[in-house]
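Here is a short report on one protein chain. Look at the sequence and the structure, then read on.

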Amino acid sequence: MASKLLMLTIFVFDLIAFGLAIAAERRRSSAKIKQDGEDDYSYCVYDSDIATGFGVGAFLFLMLSQIIIMVASRCFCCGKALRPGGSRACAVLLFIICWVAFFIAEVCLLAGSVRNAYHTKYRRSHLTSDKHLSCETLRKGVFAAGAAFIFFTSILSQFYYVTYAKARGGPMPYGGEAGVGMAAYK
């Protein structure tokens, strides 16, 4: 039987990661073009950079959640073999899909955090250049995509652990006869 305490812990960590990813999406950096005191130069001014911290926090909570679930299930590497049947096949399939969703979520969170922390240092002079100044920011939806994949990873890892525990639990069935067969010799 699957451990309810472990499943609750994983749920809480995934919920925290999801909340941090949503908060990061809502607090992405934005930039404004400002002019210096003499109006000869324009430059980019960025607001709060808290979304980077939220993104890194979501990254770490999701990673901790995945590590705990894989240690608890021994990541299919160690321990006794699973019972043959539908639960084992489902556990293997969910294991693979869970890792794919986890990888995509982590890439979105890490890339979003790095890109959100990047601030351009461009300056443009009104006298020498007539090019438009571009203040680069993170595009919408990167942290939201990470949050969506955190949600998928959470659901998949919970189902994976339940099917793994079902395939692992109980004694292995013995299909043969328990006694020694004796035949009459003539």
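Over residues 89-112 the chain is 100% helix and 0% strand. The end C-alpha atoms of that stretch are 35 Å apart. Helices here are DSSP runs of H or I with at least four residues, strands are runs of E with at least two, and both are numbered from the N terminus.

This is a predicted model, in which local features need pLDDT of at least 70 and side-chain atom pairs count only at pLDDT 80 or more, while totals for chains, interfaces and linings use all residues. Residues are numbered from 1 along each chain as its sequence is written, and side-chain values use heavy atoms, with hydrogens and water left out.

**Annotated spans**

The unreviewed UniProt entry annotates residues 50-77, 89-112 and 142-162 as "transmembrane region". The positions are given in the numbering used here, feature names are shortened, and such annotations may be inferred rather than shown by experiment. The span 142-162 is 100% helix and 0% strand. Its end C-alpha atoms lie 30 Å apart.

**The whole chain**

The protein has four helices and three strands. Along the sequence they follow the pattern α-β-β-α-α-β-α. Of the 186 residues, 35% count as buried. Buried means under 20% relative accessible area, exposed means over 50%, and partly exposed lies in between (1.4 Å probe, protein chains only). The accessible surface comes to about 11600 Å². Carbon and sulfur atoms account for 67% of that surface. These areas come from the Shrake-Rupley method with a 1.4 Å probe, and for residues only the protein chains shown count as cover.

Contact means heavy atoms within 4.5 Å. Among contacts with a separation of 6 or more, 81% join residues 24 or more positions apart.

The contacts in the table leave out residues up to four places away in sequence.

| Residue | Helix | Relative accessible area | Contacts |
|---|---|---|---|
| Leu6 | α1 (residues 4-26) | 15% | Ile68, Ala72, Tyr161 |
| Gln66 | α2 (residues 50-72) | 2% | Cys98, Trp99, Phe102, Thr153 |
| Arg88 | α3 (residues 86-117) | 35% | Leu82, Arg83, Ala167 |

Which of these count as buried? Leu6 does, because its relative accessibility is 15%. Gln66 is buried too, at 2%. Arg88 is partly exposed, at 35%.

Leu6 and Ile68 are 62 residues apart along the chain, yet their C-alpha atoms are separated by 8.3 Å. Arg88 and Ala165 are 77 residues apart along the chain, with 9.4 Å between their C-alpha atoms.

**The largest pocket**

The largest pocket has a volume of about 160 Å³. On a 1 Å grid over the protein atoms alone, a pocket is an open set of points with protein on both sides within 12 Å along at least five of seven lines, and lining residues have an atom within 4 Å of a point. Grid points are joined across faces, edges and corners, and the volume is the space filled by probe spheres set on the points.

Which residues line the largest pocket? They are Phe11, Asp14, Leu15, Phe18, Ile150, Phe151, Ser154, Ile155 and Gln158. Helices α1 and α4 (142-168) each supply at least two lining residues. The largest share, five residues, comes from α4. The lining divides into six nonpolar, two polar and one charged residue. Ala, Val, Leu, Ile, Met, Phe, Trp, Tyr, Cys and Pro count as nonpolar, Asp, Glu, Lys and Arg as charged, and the others, Gly among them, as polar.

Conventions
On a 1 Å grid over the protein atoms alone, a cavity is a set of points where a 1.4 Å probe fits but cannot get out, and a pocket is an open set with protein on both sides within 12 Å along at least five of seven lines; lining residues have an atom within 4 Å of a point.
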